[in-house]
Amino acid sequence: MVKVSIGIPVYNVSDYLLQCLESIRQQSFQDFEVIMVDDGSTDNSFEICQEYVFRDSRFKLYHQSNFGVATARNTCLKHMYGEFVAWIDGDDWVEKDYLETLVNLQTNTNADIIHMGFKSYRNDNMYVADFKTLYGKFNYNLPKKVAISDVFVRKYGIITVWGDLVNAQLYKGFVFSEDNTFEDTGNKFKLYLQANDIVLSDQAKYIYRVHGESLTQNIMRDTSELKRIKMTISNYEKLLYYLRLANFEFDYFESLYRDWLNNEIDRNSNEKIRKYLVKHRRLS
């Protein structure tokens, strides 16, 4: 068994994929496998992935029709055999000691989830958030309740699956929901529910590439306000469903959800959207 399985969903990222894959191949920590799933790319991303399969036996490639990133990640999970799971997007890259830092921190803390800070790369400029101020100290043990609350309050920015090292046992029976644009938000909390210890690190060794507007900004611009509301409500109500099943702080999170609904009602002047929000407030 390898130590780390790295999953990479690939779709039309040929301009950036070489940098991504090479940054992984040159890691200082070498006990890993890479599961690449080409999600029906129409550029030469598949050919670039093939090149790495021939160059390095740790790189494995699977192809599927264009079903979306959630389905690609589910395909990755089917072929992973590592003790831990990490995700890297095909247009991002990582610093040379990225895996080493995550693995060493996990060894020292025995945490189920390690989440690392990141740098944003945009228009040839690198930006680093002040994670040390945000987390309060170098390595921060995050209570499960606080981690799940971040779905609502977004203080720590830990809803992404990239930037993590996760005990593979947490992915047993785990399926990425394939019916939602905000895919990380609608799935990450399921890992937190199963975790015993969650540790944040202010080390920023994952580089997230921002293409003009961020992906979230692009989605928000291209998505109607009502559709955004519907997707967000779907994720929040899914979270409440799992919290009830787990018998974990349901009343507290239901209160956070109702606060969000009330804030959305207060700030929204569109009568159709207001009625939709009021309806869900009555049902909650």
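Predicted model: local features only at pLDDT ≥ 70, side-chain atom pairs only at ≥ 80, totals over all residues.
In strand S9 (164-167), Val166 is the bridge partner of Val85. The helices and strands named here are DSSP runs numbered from the N terminus, a helix (H or I) having at least four residues and a strand (E) at least two. Residues are numbered from 1 along each chain as its sequence is written, and side-chain values use heavy atoms, with hydrogens and water left out.

S9 also pairs with strand S6 (residues 113-122), in the antiparallel sense and over three bridges. Within this pairing, Ile113 stands opposite Val166 and His115 opposite Asp164. With strand S7 (residues 125-128), S6 pairs in the antiparallel sense over four bridges, and Ser120 has Tyr127 of S7 as its bridge partner. The hairpin of S6 and S7 has two residues between the strands, and Asn123 takes a positive phi near 50° in this hairpin.

Why is S6 largely enclosed by the rest of the structure? Nine of its ten residues are buried, so the strand is largely enclosed. Buried means under 20% relative accessible area, exposed means over 50%, and partly exposed lies in between, with a 1.4 Å probe and protein chains only.

Thr160 lies in the loop between helix H6 (144-153) and S9 and counts as buried because its relative accessible area is 15%. The C-alpha atoms of Thr160 and Asn187 are separated by 9.2 Å, although the two residues are 27 apart along the chain. Ser177 is found in the loop between S9 and helix H7 (188-194), and its relative accessibility of 17% is why Ser177 counts as buried. The side chain of Ser177 makes a polar contact with the side chain of Lys238 at 3.0 Å. A polar contact is a pair of N or O atoms within 3.5 Å; within protein, one must be able to donate a hydrogen and the other to accept it, and residues adjacent in sequence count only if both atoms are side-chain atoms.

Two helices can be compared with their expected span, which is 1.5 Å times one less than the number of residues. Helix H4 (residues 98-109) has twelve residues and reaches 17 Å from its first C-alpha to its last, close to the 16 Å expected. The buried residues in H4 include Leu99, Leu102, Val103 and Leu105. Just after H4, Asn110 takes a positive phi of about 60°. In helix H10 (residues 250-267), the 18 residues should span 26 Å, and the end C-alpha atoms are 26 Å apart, which agrees. Among the buried residues of H10 are Phe250, Phe253, Trp260 and Leu261, together with Glu254 and Glu264.

Methods
Pairing = 2+ DSSP bridges.
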